[in-house]
Amino acid sequence: MYNTMKYLIAGLFMALTTVTLNAQRIFTRTGHIQFLSTTPVEDIEAHNKEVTSVIDQKTGAIQFAATIKSFQFEKALMQEHFNENYMESNTYSKATFKGNIENLADIKWTTDGSYMAKVKGDLTIHGETRTVEMDAQIMVKKEQVSAETEFNIQPEEHGIEIPDMVRDKIAKEVMVIVKCQYEPYNK
């Protein structure tokens, strides 16, 4: 598990090909993604606290990677169905996001405050990639950076088939909440 995480981190850093050698990067390996599916019949919630993310503060490049099997559910049966029947996590093991902060000049990385970032990029889930746009709140306090965002996805847009017999139990739009506390990346 440790080696897998180490290679995932290395891959994320190498993938930032547009990053200059002098760029200031921040990262986390303990980001948190929560998703909520709310219907009149049933609420489904899962958490993944092993999310990797990198932000290049000079270019605004931002990336996330989440291992699908790391999502934890309250009920073991839900987790099993999620991995085997819907997400097919043996085939599609990761969800990724690769994009940019569009209003980078508005973010003051060394000044305490809360900044609204406009983020746009490609979200890949279940092997299907969609361009998404979202607002993210970036908080700077004593040069410590954290970020939060909330957005909705439609499982069907990512090729996730929901059988008719459970259609009423799974929302057509699933809310995704992301929270990360970053630290400097020092080579």
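## A briefing on the predicted model

Lys142 sits in the loop that joins strand S7 to strand S8 (144-153); helices (H or I, at least four residues) and strands (E, at least two) are DSSP runs, numbered from the N terminus. This is a predicted model, in which local features need pLDDT of at least 70 and side-chain atom pairs count only at pLDDT 80 or more, while totals for chains, interfaces and linings use all residues. Residues are numbered from 1 along each chain as its sequence is written, and side-chain values use heavy atoms, with hydrogens and water left out.

**The chain as a whole**

- The protein chain has two helices and nine strands, and from the N terminus on they run α-β-β-β-β-α-β-β-β-β-β.
- Of the 187 residues in the protein chain, 48% are buried; buried means under 20% relative accessible area, exposed over 50%, and partly exposed in between (1.4 Å probe, protein chains only).
- Take the contacts in the protein chain between residues at least 6 apart in sequence: 60% of them join residues at least 24 apart, where contact means heavy atoms within 4.5 Å.
- The protein chain exposes about 11000 Å², and carbon and sulfur atoms supply 50% of that area; the areas come from the Shrake-Rupley method with a 1.4 Å probe, and for residues only the protein chains shown count as cover.

- Most residues other than glycine have a negative phi.
- Lys142 has a positive phi of about 55° although it is not a glycine, and at 68% relative accessibility Lys142 counts as exposed.
- Glu143 lies in the loop between S7 and S8 too, with a positive phi near 65°.
- At 55% relative accessibility, Glu143 counts as exposed.

- Helix H2 spans residues 76-86, and its buried residues are Met78, Gln79, Phe82, Asn83 and Tyr86.
- Seen down the axis of H2, these buried residues fall within an arc of 125°, so they line one face of the helix; the arc is that of the directions from the helix axis to the C-beta atoms.
- Ala76, Leu77 and Glu84 are exposed on the face of H2 turned away from its buried side.
- The cover over the buried residues of H2 includes strand S1 (25-38), strand S2 (43-56) and strand S4 (72-73).
- Just after H2, Glu88 takes a positive phi of about 45°.

**The largest pocket**

- The largest pocket has a volume of about 970 Å³.
- It is lined by 50 residues, and those closest to its centre are Phe35, Phe73, Phe82, Met87 and Val174.
- H2 gives the most to the lining of the largest pocket, with six residues.
- On a 1 Å grid over the protein atoms alone, a pocket is an open set of points where a 1.4 Å probe fits, with protein on both sides within 12 Å along at least five of seven lines, and lining residues have an atom within 4 Å of a point.
- Grid points are joined across faces, edges and corners, and a volume is the space filled by probe spheres set on the points.

- A search of the whole structure finds one salt bridge, meaning a side-chain nitrogen of Lys or Arg within 4 Å of a carboxyl oxygen of Asp or Glu.
- The partners are Asp135 and Lys118, with their closest N and O atoms 3.0 Å apart.
- This pair links distant parts of the chain, with Asp135 in strand S7 (residues 128-141) and Lys118 in strand S6, 17 residues apart.
- Asp135 is partly exposed at a relative accessible area of 39%, and Lys118 is partly exposed at 41%.
- Val119 lies in strand S6 (residues 113-125) and, at 6% relative accessibility, counts as buried.
- Not counting residues up to four places away in sequence, Val119 touches Ile62, Phe97, Asn100, Ile101, Val132, Glu133, Met134 and Ala136.
- Val119 and Thr149 are 30 residues apart in sequence and 9.7 Å apart in space, C-alpha to C-alpha.

**Pro155**

- Pro155 is found in the loop between S8 and strand S9 (174-184), and at 9% relative accessibility Pro155 counts as buried.
- Leaving aside neighbours within four places in sequence, Pro155 is in contact with Ile160, Ala171, Lys172 and Val174.
- The C-alpha atoms of Pro155 and Met87 are separated by 9.5 Å, though the two are 68 residues apart along the chain.
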